[in-house]
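Good morning, colleagues. Please look at the model on the screen while I speak about its side-chain pairs.

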Amino acid sequence: MFQWSKKVVKSVTFNPGVADESLLALIESQLEKDPNKTFSDLCKEALWQALCVPESVRPSPPPTPQPVPTQGVELQISELQRQLADLEERFFAKESNRLEMMERHLTQLSQQVAQLAIMVHQTPAIQSPTPSTAVSEVVNHTVTTTYTATPPQGVDPVISRLSQYLDDF
């Protein structure tokens, strides 16, 4: 018996003639119809048929991958690109609006700080109170020192509200 190596390559010769040229043309058209098949696959199929081997004994051909319809995929890609562009547009519009609002708030705060500065310069300087005064008394030959604290000045509510904003910045 003839032993072959694992992969055997045989050649087919087509002679110049009407029969061989028509056979070659049929092979080329068949390969164009099914681009997943090779010349080797066609030769094997023809040999199986020529040798009258039943189909139940023949090895099953590998499954041919189904071509993916590119038009549907391209439509999906274009739709996703459109949706992405819409999302970007909405996002940038929203961020732009936020930026404008922040700029308005900063302008308002700047104006309020300027008004406070004007108010501070227009009002007469308030003397800073002394934090405490020491009073010494002599009682029964012992010296006792007591401190009287001056009440703290009230905090302006406008300044306290603005200090919160200034702390944030």
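A salt bridge, as I use the term, is a side-chain nitrogen of Lys or Arg within 4 Å of a carboxyl oxygen of Asp or Glu. The model is predicted: local features need pLDDT of at least 70, side-chain atom pairs count only at pLDDT 80 or more, and totals for chains, interfaces and linings use all residues. Residues are numbered from 1 along each chain as its sequence is written, and side-chain values use heavy atoms, with hydrogens and water left out.

By this rule, the count is 4 salt bridges. One of them joins Arg82 to Asp86, with the closest N and O atoms 2.8 Å apart. Arg82 also meets Glu79 in a salt bridge, at 2.5 Å from N to O.

How are Arg82 and Asp86 placed in helix H3? They are 4 residues apart there, so about one helical turn separates them. Helices here are DSSP runs of H or I with at least four residues, and strands are runs of E with at least two, numbered from the N terminus. Helix H3 spans residues 70-122, and in it Arg82 and Glu79 are 3 residues apart.

Arg82 is partly exposed at 41% relative accessible area; buried means under 20%, exposed over 50%, and partly exposed in between, with a 1.4 Å probe and protein chains only. Asp86, at 32%, is partly exposed.

Glu95 and Arg98 form another salt bridge, at 3.2 Å from N to O, and both lie in helix H3, 3 residues apart. Salt bridges with shared partners join Glu79, Arg82 and Asp86 into one network.
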